[in-house]
Amino acid sequence: SLQPVILSGGSGTRLWPLSRQAYPKQFLPLTGDYTMLQETVRRLDGLAEEHPREAIALLDPLVVCNESHRFLVAEQFRGLGRGAARIVLEPCGRNTAPALTLAAQVATESGEDPVLLVMPADHTIRDEAAFRTAVADACVLAREGAVVTFGIVPSKPETGYGYIRQGAAYPAAELSNAAFVLDEFVEKPDASTAEVYVANGGYAWNSGIFVLKASVWLDLIERFRPDIAGAIRNAFASATLDGDFLRLDTGLFEACPSDSIDYSVMERLSGTRQAGGVEELPVAVVVPLDVGWSDVGAWSALWEVREQDAAGNVLDGDAFVHDAADNLIVAQSRMVAAVGVSNLIVVETPDAVLVTTKDAAQEVKAVTQFLHSEQ
Ligand code: GDD
Ligand code: MG
């Protein structure tokens, strides 16, 4: 069976003032009628039916999120009007490796060993059918024990992503997509390294979506970060079920070190194999993903994924433009007019207004840093 695991613990600070600590971006309908979390679930509709040969039994999603967002998550699942999710509540953020370890514990609790489809809650994908085909392929590979990543063709030397180097074609029977051995995984390289990677070709961005068996993840985290594995085992042993919510003891979970899937396991897995081909380690595979993927990291990325008018403007709410091009304007509580300007981001909400340019959109996190320092 295939267990979707949705990581929903991020704070989306670069999308301030719409994304707030109490209401991060994954809970907002940034691209349409459904929120990013809901889109993440809906994107899988049809997977089993479209790929009968792969015999995919799709389980209800498992969401890992911060305790303070439990009602948001539960309400957004009710809004989808379908099978409930199981929701694991983290008392604090410890990054993605502990979150996935928790999910793998939950998934194997009853003695099963499903394939996990690990998905961030805040990505957009334009061609969802092609995405499902790639997931079906990944599912076949993961059942055989592989750790599957998805490679995105890089468009710029972005330093906020992981980079994966595609090696030889990976021999697998009857896949719809090509698959390659993952030769190297470098998380968030510095700017000059990223430039070399993009200029040389042969590197893809890591999408942040992973497919692997629950037992494979548990073995990997035990091997590379036994401290995380042990802390999560302790926390899970005393977890209590409260309806759909799995609650963890605050002290035990806080005792877990913080690290990401990418640093704790992916870099080490590829590095260890490179160093000496350790036979008992699982193989890491890249499936190229050309589906209009975006992690909507900043306002400039939202402008890119939203439909633009003939002048390149994206207008949301009561916004008026004249002689203006390539702007993103959000007007939530009053009219916003832009005249004779281009490449601006203007986000008006009842209690805060952001004005920036698309080029500076990455810097918006400075605002939330400032607000935290004021508290
Ligand atoms: N449950 C939980 N708990 N979820 C978390 C936590 C946490 O403590 N921290 C982050 N997440 C969720 C975020 O909400 C997001 O959906 C996902 O996990 C990834 O975390 P990010 O913090 O957004 O990671 P990143 O963007 O820096 O890097 C990852 O994604 C890139 C692509 O967007 C890496 O996998 C990179 O290699 C990758 O290129
Ligand atoms: Mg991210």
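**View 1. Arg 334 in a predicted model.** Arg 334 is partly exposed, with 47% relative accessible area. The model shown here is predicted. The side chain of Arg 334 forms a salt bridge with that of Glu 348, at 2.8 Å from N to O. Arg 334 sits in strand β15 (residues 328-339) and Glu 348 in strand β16, 14 residues apart. Glu 348 is buried, at 2% relative accessibility.

View 2. Domain 1 covers 2-294 and domain 2 covers 299-374. Their centres, taken over C-alpha atoms, are 30 Å apart. Domain 1 gives 13 residues to the contact, and domain 2 gives 20. About 1500 Å² is buried between the two domains, with 65% from carbon and sulfur atoms. On the domain 1 side, Arg 14, Trp 16 and Leu 18 lose the most area, together 43% of what that side buries.

**View 3. A salt bridge between Arg 20 and Asp 351.** The side chains of Arg 20 and Asp 351 meet at 2.9 Å, N to O. The rule finds one salt bridge across the interface of domain 1 and domain 2. It also finds four residue pairs in polar contact there. Arg 20 is partly exposed, at 26%, whereas Asp 351 is exposed, at 57%.

**View 4. Asp 45 paired with Arg 82.** The closest N and O atoms of this salt bridge between Asp 45 and Arg 82 are 2.7 Å apart. Asp 45 lies in the loop between α1 and α2 (47-50), and Arg 82 in the loop between α3 (70-80) and β3 (86-90), so the pair ties together parts 37 residues apart in sequence. Asp 45 is partly exposed, at 35%. Arg 82 is partly exposed, at 33%.

Notes
Residues are numbered from 1 along each chain as its sequence is written. Chains are lettered from A and ligands numbered from 1 in the order in which they are written. This is a predicted model: local features need pLDDT of at least 70, side-chain atom pairs count only at pLDDT 80 or more; totals for chains, interfaces and linings use all residues. Side-chain values use heavy atoms; hydrogens and water are left out. Domain bounds come from an automatic or database domain assignment. Contact means heavy atoms within 4.5 Å. Buried area is the accessible area (1.4 Å probe) that two parts lose on being put together, summed over both. A salt bridge is a side-chain nitrogen of Lys or Arg within 4 Å of a carboxyl oxygen of Asp or Glu. A polar contact is a pair of N or O atoms within 3.5 Å; within protein, one must be able to donate a hydrogen and the other to accept it, and residues adjacent in sequence count only if both atoms are side-chain atoms. Buried means under 20% relative accessible area, exposed over 50%, partly exposed in between (1.4 Å probe, protein chains only). Helices (H or I, at least four residues) and strands (E, at least two) are DSSP runs, numbered from the N terminus.
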